[in-house]
Every structure is written in C-alpha cells, then in structure tokens.
Amino acid sequence: MTDTDRDSSIQQLVLKIHSRCNLACDHCYVYEHEDQSWQARPVLIAEETLDKVAHRLAAYTVDRKLESVSVILHGGEPLLVGPTRLRNICAQLRSVLDPLTTLDLRIHTNGVRLNRAHLEILKEFDVKVGISLDGDRAANDRHRLDHRGRSSYDRVVQAVELLRTEEYRHLYLGLLCTVDVANDPVVVHDALTALDPPRIDYLLPHSTWDNPPPSGPSGSPTPYADWLLKIFDRWLEQGRTVPVRTFDSVLSTLRGGPSLTEAMGLAPSDLAVVETDGTFEQADSLKTAYDGAPATGYDVFRHTFEEFARHPGVRARQLGIEGVSETCRGCPVVQSCGGGLYAHRYSTERGFDNPSVFCADLRAFVDGVAERITERELSPAVRGGAELRLAQLRLGREVLARAHDRLAGDPDADEAWRALVRLDTDDATAPHLNSVLAHPYLRPSLHGSWDGRAGLARFMTVAAAAAVHAEAGVTLAWHQPDRELHLPTLGTVRLARPGRVELTVTRDGFRIHGADATPDEPPAEWRPLETLPLADGTSFLIDDADPHRDCYPVPVAPPLGSSDLRVFRKRLRAAYELLDEREPGRRDRVDALVVTTVTPLMAGMGVRLGDHGIGALGVAVDFEPEEFVRELSRAGRRARLTALRQVADLSVPGNRAGRLLEEASEQLGTASYWRQEPGLRAEALAGADRALRTLAALPERDLTESGAAFAAQLRTEWQRLHD
C-alpha cells in the first residue's frame, strides 16, 4: 500500500444507531433539509447489522494496518436506544475491534436524556461524549426545542454538569454549537466556556447556493466572519483557555500545518456513515444539497469499507487542491479555507464545482485571523545564524514544557521534570541540556509525547540524555514499551525485553537495566552514535538510529554497519574538504547551513532537507561529494527560511508576500546550484529578480519588519550573485 493510499483510508465511522430524535431543531440537516431518507429507515439498528458493521470495519483495519479508528455513535438521537441496548452496542464494538486496533469510541448526543445510567455504561466502555448546545438559553432555544415546543436548555445543561463531575469528566469531549448570527457571539461563547468544555466546535449552518444562509441583522456582506471574529477576539482575550477547533485549524494552516476539521482545509475526507439499515452513506452534511446526495448504493451486507472508500463520491472529497473549484484554486487562503465544507458548495447549475456559499465569510475570517496573529516587530532571528539558533532553542524548550504539561501528575514524568529543572538552573549543566534540546529530531519526538506509555518514554529519554551529557547524578525510571530505547544525540540501548527500566547516571557514565530483570537475562546492548570532527574544529553527529529521523521526503537508511559507516564518514570528510576549497567564506554568510546532524538516506536519494528543526541534513549513502557541495547552498536557504518561519512572521500568514519570499529564496539557491552553468544561473537570477520586484510592488503592510529585513537580504544576495 502506498502512503497516499494510507492517507486516504477511512478512519472515522459515524454509526447511526437510532434514526429518530426527541428534539425538533429547525436547522437539522437530517430532518429539515432536502434529503428525507430517514423516513424509510428502521428506527433502531438491528443486532445483525451492528455485527456486520463491526466485522467489516475490523477486516478493513487489518487490511489497511490502521493503528486507530474512531466510531461515533450517532442518530437521530443515539440515547433513544436505551441503556440496555447502548451497553450491548458498546460491548460488541469493543469486543470485535479492541484486539485489532485502538478504538476511539464516541457518542454525539443532544444531551436531553443523558443521565447517570447512561454515563455508567459510557464509563465502562470508555466512550467520549460530545454534546450539541447553541449557547445561552436564548440562543439555544431559538432553534433547539422539543416536539412540544419546549426548551431543551435546562435538561442539556443538567447533563453537562453531570458530565463535568470528577467521576465522568474524562468522558467529556466537548460542545458543538451551530452559528446563528442573530445571537450575540460573545454571550454565546461565554455561556459555552462557563461549562468548562475540553473543546468547542462552531459550525456554520448547513446551506447551499440554492438555499443560502440567513444574512443576519447587521447588513454586513460577511456576517458570519464578523460573528466568528468577535468570538476569536474574546478567545484571545481569555488566553485561549479552551481549544476551539475552527480557530485552531486556521491557526495551524496559516503556519503551514494540517487542517483540523473537515469544514475547512484540504485534508482528504476519511469519514464513512452507516445508517440504521446498514446503508453506506457519505457525510451527513450532504443531506442539505439534494435528495439522495449522500447515497452510495452500497451497504455493509454486500460491500466492504474498501469498496466504499473507492466510491467516486468519496474520492471526490479526497482530491485536495484539485478537488476545489477554479476560483478556489487561485485564492490566497485556499490552504486554510479548503473551499469550505463540500456540501456548502452545491448549486443545481454546477453541482459541487463552486466555492462555498460562505466564500466571502471564509475569506474575511481567515484574513482577519491572519492579521490578528501577525507579529510585526523585527525578530532578532533574522539578523544571523546565532540568533536564529537561539530562537529555535527557545522553541524546543516550549515544546518540552508542553509535553510535560500533558504528562504532569505521572510520578516518573514529574521526577524527570525536576531533573531537567536542576540541569537548567545550573550554569555548568545548562549547556548540556541545550545540546539535547537543539537536536533537530527532538521536536518531532516531543510532539508525540502527549499521552500513553510511548509518549512518556520519549519524554523520559530527553531527560536521560541531558543527564548523561552533563554527568549529573540522577536515577530515572519508566515503562519502556519496546526493546529499542534511544537516547537522543547519544545512541540506542537494546533491552532484553520491554518493561520497566531504571537508568542511573554518574560521572563515570550511565547504567540501564530492567527493573524486573532476572539473573539469567542478557545485559542491555549499547550502540553509540558517531561524531565526525572537521578540519576547522567543528563537528557533527551521524545519526542513523533516532526513531524520529524519518522525516525526509525519501526513505532513510537503516543503521549502518561498521564498514558502511567508515565509507560514509570518508565521503562526508571529502565533501567538506571540497566545500572549504570551493567556498572558503561560506560560514560568514547569513544563509549558511550549519549542519549539526547528518542522517544516511537510502542509496540514490541525494541530499535532502526534511520536516524537522534546523541543522539536520539527509545524505544518501552513495552520494557524491560534488553533488553535496552544489546542493548545500540551496539547502541552506531552504533550511533558513523554514526555521525563520517557525519563530517569526515574515508576512501576514497566507498572503502572496510569503510565497514571493519563498520563490525569491529558492531561485537564489538554484542560481548558486548552477554556478558552473551560466545560462541556467542567469535564468534563476532573473526569476529571483521578478519575485523581488513583484514583492516590492505589494502594499507595504503585507510584510512585517522581519519580512522586509529578509527581503533586503535576498536583494543583497541577488546583487552578489549577479555581479
């Protein structure tokens, strides 16, 4: 299976277990929009249907080797199945899927019937609970009334308060709120945050070009953007204490990260819906487009999840930038907006080949967020390599602190944190901690240290490596989930078996052993990493073992044997000797790549940068020194720009100025690469000149002070290469 195939796997299942609802919300996409297929469906999912769903999904997870899947119990109102049937459904899903993958089991409910009996069942099977609530009483009751026209507010809030108690708090997933611009946005947000949710989702009301959304009382051309931005401002004012998925997604995509919601961004859809009769459908939101829009013609009795995943309608929502309209493809905020929710693009005339009906609002919202988060002051990181490395080090410290925040309360993690604090507050040992925090593969490792035993083990090895470098007297212990225990920047310990380990550091070195080791167990095997010293007194690490080094666009090589390592070292030394001969003053340039870590790549993969911190370089085991020298200058520019963007704003995120800076930098790197080819060199320099001239013609506000300084450096570099 290719990486693309795996990326487009179905990993979320919305499972309809009851097709009716005890509320009569007038904005509901199931009952109040174009598709009315619910009327012909069974009220309750049958046991044989549930069994077939579970086993179909289990087979798919095995075939696709999925590490996790999410199943969301849905409706209608899923709690209408009653406690007994709810328990049977949860038990069946757990018994079939738990042995094969990590099952993230959830339920989405209006909360009206949620009581202690339900919560005991949900607690037993670790089912996370999301609840729909549209704000304060007035906002909620504008739409969310029961069939007798009565308010649902008090009953829902009572359920949320029960869910917030210590006994059930760990099940509390968050609140979902449908936007109505007639409501006061700040009042809505404050009402929701008062319920202390782990997360809030603000959802635009389902609409199409045939049935556009209400325009709101303000007369603004972008009422939904205005509404959301008022909440965004309030959210910032409160210190972003509650994650808001729409906001977090835009913040992520503006900085080049992934989308966090199907409603925005270009991430491929990974969602399937199974109705109470076993019918496979696409996303429920399509019910707002036209009658039959979500239909596939498939069901779990005759079709597999693999067949569903290949359905043309599913594939259409996995095309990324190619799946949006021509208008969207030319829009500067498309990476954040993603063309909006697929259903919201529909018109009778053009099908789904339109921008979102909320297009103007989405553009205004993304632009508004970008403007609000832009740091316009000059960052010291733009001035030179030393300042940039210092800024990157601060970023590493922040990630380390966030990792501990997630693990706080675990006695092993807390002991490691105390050791890290001691190292950091001692002038003699702080540089050793810094050397570990500056390792380019550390941040990818720590980003995985949010939960679970694997995350804890990664966090512990950071403290252990720093202590070993500092020769600090410390003993740390933790559960190691596998035999390979890697100490970043140092090497790998191969244990006799997984389990609890204890590491003791003294001035004479370190000792690590299984806490429950038996006398006849073989000792742990130690494979240190090698360092290559250079003629100028500097050196770098050859890291062929860090489990998080695999962040290049091509495959990394497995750990090298001693003879292969000798050959690799010899090639690297020859490459640097040639580099010093060709570019003797390169280290003084602001864009010089200071390599701290080299990772061997598979043969034929060339010289590459990866998605990691500054200082790492991937080099094929069979690289030629000549190619290394030519590529290093281009790699230095790319690495510097990537690192700068991680610590400073060069432009308003998402605007054209940022892309022009990247284009100019890339063309200058290409000009350096073709230094021996005058025609290609001149072509690249002309491209850089065009990009810089276009950049200079943009409004001055498009660049920050840091961006303007960076652009000036690029122009100086262009002049040097041109002359």
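Helices (H or I, at least four residues) and strands (E, at least two) are DSSP runs, numbered from the N terminus. This is a predicted model, in which local features need pLDDT of at least 70, side-chain atom pairs count only at pLDDT 80 or more, and totals for chains, interfaces and linings use all residues. Residues are numbered from 1 along each chain as its sequence is written, and side-chain values use heavy atoms, with hydrogens and water left out. The points below cover loops, sheets and aromatic rings.

**Loop residues**

- Ala182 sits in the loop between strand 5 (172-178) and helix 7 (185-193).
- Ala182 is partly exposed, at 40% relative accessibility. The scale runs as follows: buried means under 20% relative accessible area, exposed over 50%, partly exposed in between (1.4 Å probe, protein chains only).
- Apart from neighbours within four places in sequence, Ala182 is in contact with Arg142 and Pro217. Contact means heavy atoms within 4.5 Å.
- Ser218 is 36 residues from Ala182 in sequence, yet their C-alpha atoms are 8.8 Å apart in space.
- The loop between strand 2 and helix 3 (83-97) holds Gly76. The peptide bond from Gly75 to Gly76 is cis, with omega near 20°.
- Asp126 has a positive phi, near 50°, and is not a glycine. Asp126 lies in the loop between helix 4 (116-124) and strand 4 (128-132), and is partly exposed at 35% relative accessibility.
- Arg240 also has a positive phi near 50° in a residue other than glycine. Its loop joins helix 8 (223-237) and helix 9 (245-254). Arg240 is partly exposed, at 43% relative accessibility.

- Strands of a sheet pair through backbone hydrogen bonds, either parallel or antiparallel. Here two strands pair if DSSP finds at least two bridges between them.
- Four of the five residues in strand 1 (residues 12-16) are buried, so the strand is mostly covered.
- Strand 1 pairs with strand 7 (residues 271-274) in the parallel sense, over four bridges. Leu15 stands opposite Val274 of strand 7.
- Strand 1 also runs parallel to strand 2 (residues 68-74), joined by five bridges. Gln12 has Ser70 of strand 2 as its bridge partner.
- From strand 1 the chain passes through helix 2 (residues 47-64) to strand 2, a right-handed β-α-β crossover. Right-handed means that, with the strands pointing away from the viewer, the path from the first strand over the helix to the second runs clockwise.

- Six bridges pair strand 13 (residues 499-506) with strand 14 in the antiparallel sense. Among the paired residues, Thr504 has Arg511 of strand 14 as its bridge partner.

- Strand 18 (residues 597-601) and strand 20 (residues 616-620) run parallel, joined by five bridges. Pro600 has Val619 of strand 20 as its bridge partner.

**Aromatic rings**

- The structure holds 19 aromatic pairs. Rings of Phe, Tyr and Trp (its six-membered ring) pair if their centres lie within 6.5 Å; planes under 30 degrees apart count as stacked, over 60 as edge-to-face and the rest as tilted.
- Phe623 and Phe628 make a tilted pair, 5.7 Å centre to centre with 50° between the planes. Phe623 is buried at 3% relative accessible area, and Phe628 is buried at 0% relative accessibility.
- Ring pairs link Tyr202, Trp227, Phe232, Trp235, Phe247 and Phe365 into a cluster.
- Arg634 lies over the face of Tyr673, 4.1 Å from the ring centre. A charge sits over a ring if NZ of Lys or CZ of Arg is within 6 Å of the ring centre and within 35 degrees of the ring normal.
- Arg715 lies over the face of Trp718, at 4.9 Å from the ring centre.
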